[in-house]
Amino acid sequence: MIKLNILFKKRSMKLTLLLFLILSMFALKFVDAAPNPSYASEYPYSKDQTYSLSGDLSRSGPGREELKAATRPSYALWHDVRFYDAIKGDWFSSSPDGEYIPTTQFDILETMEQDNFDGRNGYHNIPIKEIAKVAKWANGNPNYLKYKALHPDQNNYYLKDSNYYAVGFVSDPRLEDLWIRFESAVYLSGGLTKQRIETEPAKDHDRGLTYPVFKTTFNVTPWPTIQDASTYEGDDKSELLSMAKGRIHLDATTYAMINSEYKTWIIQGDYTQDQILKQLNATVEDSGTKLDAKRFDALGATYYKSVDTSAVKYNYAGSFYLRDLKKILNPDGPANTLTIVVSDPFDRIAVKTVKFSVLSDTMINLKATDITSTPEKMKVDEPASFAVKVENTSAKVDVEETYLDWYANGEKQPRIGPFSIQAGESKWITGLKLDAVPKVDQLNIRAEVNPDHNLPENEMMPDQSDPWLDNVVEKDIPFETNLNYYMKSVSGGAVALGQKVTTRLQFGRENLREDDETVSKKTQIHLTIKDSSGKITSLVDKTVTLSTPGTELSDFLEWDSSGLTPGSYTVIASINIPAKEGETTYADNTATANIVIMGVPANQMCSPSETVAKAVSGYDHVCVDWRYKPRPNGGRKKVCERWEDIPYYEYFNAGFTKGDISGSYVNENADEINGTDVQLDKTGRNAIKAGQGFYFTVDSDYSEDKGKTGNINSAEATFTNIDGSNQTIELIPIHQSTNHVTWAMPLAWVSKHGDTVVYNEGGNPGSNDPESDDYYYPGGRAYYSSLATPNGSITFKVNLRARGVNTLMRCIVGSIRVKDNVMNDFYVRQVIPEDPFPAAVGHTAEGVWAKPENQEKLTGLEDWINDQNGTKDWPAK
């Protein structure tokens with residue numbers, strides 16, 4: 001019997017659960033109602049009807065040759081399966097939160113005298129006609145599965161004849177009408193069995209009917225991935241390649257639990273994933289044969305490479321040189337587009353295109369690529385020199401004479417040249433000098449080779465684009481400075497989708513030396529967010545003022561999570577990035593934190609008036625413009641030219657403790673009679689069944705720029721009842737330290753009968769007698785959903801208040817998914833006390849209940865008085 005929530009199974013829910021409690025005195029076994037099969041619905045789970053199963057049944061009788069082609073009657077029974085992504089280490093999408101899928105197993109019966117199957121009588125199969133369902137569940141290519149299942153292969157363990165079965169009496173079954181082993185279908189999807197659990201009790205009549213025969217978990221794997229496909233000229237990334245040094249670098253990965261093979265096709269032309277998959281499916285008969293290499297010949301000239309590997313995860317990182325790809329290239333200039341296809345042995349693919357041009361031997365193009373400076377950082381009024389890197393990309397044509405023009409902050413400097421550069425040569429052009437670096441915030445150097453476009457005058461690009469654009473290079477040269485900004489920290493946490501989010505940043509301006517620049521500085525702070533794929537989205541930019549060296553500030557930036565998808569993210573805070581001012585270092589200009597976007601919209605539950613996260617707590621009278629002035633007797637003195645009142649602030653921040661919005665159960669060893677704050681076991685999943693509880697905690701923090709201490713006063717959670725009314729519950733501090741409080745639900749007390757839950761820190765709100773109908777079971781620090789909660793989600797908000805110089809408030813939104821109902825774990829029928837177990841019940845009526853001692857117990861039930869316990873509508877006596 002499925003283990004139930006220890007708390008829930010002691011709650012009497014009106015008539016249904018009342019009957020459960022009474023009948024449990026007589027050891028009656030209540031079990032799950034059987035689901036419908038996920039395929040072949042014409043074979044419902046039953047032991048009232050048998051079906052012939054024909055095929056290799058020798059696993060049931062090892063050593064018996066006659067069973068290799070035999071027929072036996074069988075029952076169609078319930079076999080649960082689920083699918084686990086062995087690479088990501090999480091449940092695959094077909095099994096959210098580890099949910100099972102009901103499938104069919106045929107258990108053959110012993111009908112011959114020599115039959116002694118000893119429990120080895122189960123055959124877990126799926127019709128070949130419905131094998132595409134396994135492809136969806138196990139992440140396979142459905143076209144590949146169906147083709148391979150229809151073409152037995154005696155050299156492949158999973159496709160031998162011994163894997164095929166006929167169900168029902170068919171004199172000459174067609175291959176497409178047969179069934180195949182379920183594990184074979186998973187293998188063809190790149191997966192394999194991870195774990196098979198035999199359910200208990202193993203010998204019960206109801207096994208396979210009202211609870212599954214086995215619960216099997218399969219490992220599955222992703223489709224291939226291409227992490228990178230880039231073109232290089234030698235060691236430099238480029239889209240302009242020569243036949244001598246040009247190459248395509250490929251970084252790709254394939255996955256399969258067994259029999260792994262890595263395949264790569266490079267095809268002339270530009271094709272989408274859908275186009276490639278269509279051609280792959282059209283040539284599925286060639287998969288795994290010598291004709292694999294020619295499967296895309298119908299699309300264009302093709303290069304093919306394969307690697308045999310036994311690795312579950314195989315990564316290929318290598319290069320394909322243009323000299324080896326000549327037959328699929330357009331040489332001498334025209335742009336090339338190649339489609340790269342990576343496949344595993346099960347026709348699962350990844351596709352990427354690359355575009356580049358091939359240099360003609362007679363084509364010439366000059367380009368400027370880099371600038372260096374001496375010194376590396378500029379000093380005002382000091383001399384500086386520069387060098388520019390120039391390349392001749394021609395394979396054969398030398399340039400005997402050309403020039404270089406250059407500019408410093410837009411001001412033209414003396415021309416450099418003439419100089420020569422040979423075919424294929426890369427050289428540094430020197431002689432660019434400034435006698436005194438001007439006093440500017442940033443020094444920009446710009447250089448152009450062949451500025452008059454006449455030496456040579458016939459520069460060309462292979463793709464016919466503007467040949468003069470790459471003649472120019474420019475670079476901002478930093479100054480040696482005493483300025484350094486830093487980003488100290490950024491807050492993370494968990495927020496709801498569609499919520500107004502406030503993120504705290506701590507940043508400052510370092511005090512480096514006594515002669516630091518003391519003038520007030522304005523700069524930009526930025527807040528961005530990065531998803532698991534590396535995509536970065538900009539959230540907020542803001543200009544801030546840091547008055548003097550040594551200033552450290554906190555600020556709260558508000559943003560909206562509506563445009564994001566649920567999942568885990570990294571929030572990134574930066575200052576002066578990209579750099580607008582030179583600093584001594586940029587290594588400390590960025591800070592990061594983890595944040596989780598929960599998958600249920602906030603529905604605007606928090607209004608703007610419920611959040612005051614930042615307020616002015618005082619003012620500093622500070623100098624924002626210091627100047628050095630000469631003393632009458634020599635030397636300099638520091639004088640303030642301008643004073644300002646600069647505010648400083650106090651802050652209040654709050655968020656759900658990461659991972660702590662979780663379904664929960666009362667620990668089975670907890671004292672549910674005398675206990676109060678009983679231990680809860682968290683499921684770790686953001687999902688519950690209606691009637692189940694969930695646990696959460698909230699962290700709250702006060703801070704102030706001058707280090708003052710605040711008082712975090714209160715927190716209350718508001719839930720919406722199923723009738724639309726609101727229920728507000730004051731939360732309890734479970735951990736406190738200076739300027740920090742962690743909050744949780746007060747103790748829950750769950751009524752013995754009905755759907756009532758009382759939340760308080762006191763003792764039992766009802767009777768202290770566990771036998772009393774007014775007794776309440778302790779439920780720990782959890783919120784319990786109503787049994788009438790529909791599928792969907794429970795969204796709630798938490799309001800918090802703190803007091804420093806001002807009153808500060810935060811409002812946050814949480815949610816948890818609701819799917820199914822705990823009552824669905826019971827199989828229920830009405831009971832007539834005088835005849836509770838009629839013959840239709842089956843073997844129990846003839847077995848356990850036929851014993852005299854149990855008949856006496858049944859006779860006692862006749863003393864029931866209808867409606868005494870609130871029951872009604874009993875059938876007439």
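Biologist: Is Q105 buried or exposed?

Modeller: In this predicted model, Q105 counts as buried, because its relative accessibility is 3%, and the cut-off for buried is anything under 20%.

Biologist: Where does Q105 sit, and which residues does Q105 touch?

Modeller: Q105 belongs to strand β4, which covers residues 101–108. Leaving aside residues up to four places away in sequence, Q105 touches Y75, A76, L77, H79, G122, Y123, H124, V213 and F214.

Biologist: And what does the side chain of Q105 make a polar contact with?

Modeller: The side chain of Q105 makes that polar contact with the side chain of D107, at 2.7 Å.

Biologist: Let's zoom out for a moment. How many helices and strands does the protein have?

Modeller: There are 7 helices and 51 strands in the protein. Of its 877 residues, 50% are buried, and the protein exposes about 42,000 Å², with carbon and sulfur atoms supplying 47% of that area.

Biologist: What share of the contacts comes from residues 24 or more positions apart?

Modeller: If you take the contacts with a separation of 6 or more, residues 24 or more positions apart account for 70% of them.

Biologist: Okay, strands next. Which strands does β1 pair with?

Modeller: Strand β1, residues 46–55, pairs with strand β2, residues 70–85, in the antiparallel sense over 6 bridges, and Y51 stands opposite S74 in β2. Strand β1 is also joined by 3 bridges to strand β6, residues 164–167, and these two run antiparallel as well; here S54 stands opposite A166 in β6.

Biologist: What actually holds paired strands together?

Modeller: As a general point, the strands of a sheet pair through backbone hydrogen bonds, and the pairing can be either parallel or antiparallel.

Biologist: What is the strand order in the open sheet of 3 strands?

Modeller: The order in that open sheet is β19-β20-β24, and the pairing is antiparallel. Strands β19 (366–374) and β24 (426–434) stand at the edges with a single partner strand each, so one side of each has no neighbour in the sheet. From one strand to the next, the twist averages 25°.

Biologist: How many bridges link β20 and β24?

Modeller: Strand β20, residues 384–392, pairs with β24 over 7 bridges in the antiparallel sense, and the bridge partner of K389 in β24 is W428.

Biologist: New topic: what is the disulfide count here, and which cysteines form a disulfide?

Modeller: The count comes to 1 disulfide, formed by C623 and C640, whose sulfur atoms are 2.1 Å apart. The pair links distant parts of the chain, since C623 is in strand β35 (residues 614–630) and C640 is in strand β36 (residues 636–656), 17 residues apart.

Biologist: Is that disulfide right-handed or left-handed?

Modeller: The torsion about the S-S bond of C623 and C640 is about 110°, so the disulfide is right-handed.

Biologist: And are those cysteines buried or exposed?

Modeller: C623 is buried, with a relative accessible area of 4%, and C640 is buried too, at 18%.

Biologist: Now the backbone. Which peptide bonds are cis?

Modeller: One of them joins G417 and P418, with omega about 5°, and P418 lies in strand β23, residues 416–421. Another runs from L455 to P456, with omega near 0°, and P456 lies in the loop between β25 (443–449) and β26 (472–477). For context, most peptide bonds are trans, and most residues other than glycine have a negative phi.

Biologist: So which residues have a positive phi without being glycine?

Modeller: Among them is N409, with phi near 50°, found in the loop between β21 (399–408) and β22 (411–412). N739 also has a positive phi, of about 65°, and N739 is in the loop between β44 (732–737) and β45 (740–744).

Biologist: How accessible are N409 and N739?

Modeller: N409 counts as partly exposed at 36% relative accessibility, whereas N739 counts as buried at 15%.

Biologist: Last one: where does A293 lie, and what does A293 touch?

Modeller: A293 lies in the loop between α5 (273–282) and β15 (302–308), where A293 is partly exposed, with a relative accessible area of 27%. Not counting residues up to four places away in sequence, A293 touches W265, T302 and Y304. A293 and K263 are 30 residues apart in sequence, and their C-alpha atoms are 9.1 Å apart in space.

Notes
Residues numbered from 1 in each chain as written. Predicted model: local features only at pLDDT ≥ 70, side-chain atom pairs only at ≥ 80, totals over all residues. Heavy atoms only, no water. Pairing = 2+ DSSP bridges. Helix = DSSP H or I, 4+ residues; strand = E, 2+ residues; numbered from the N terminus. Axes fitted to C-alpha atoms, helices over the stretch in contact; angles between N-to-C directions. Buried < 20%, exposed > 50% of the residue type's maximum accessible area, 1.4 Å probe, protein only. Polar contact = N/O pair within 3.5 Å; in protein donor to acceptor, adjacent residues only side chain to side chain. Contact = heavy atoms within 4.5 Å. Areas by Shrake-Rupley, 256 points an atom, 1.4 Å probe, with all protein chains shown as cover. Disulfide = S-S within 2.5 Å.
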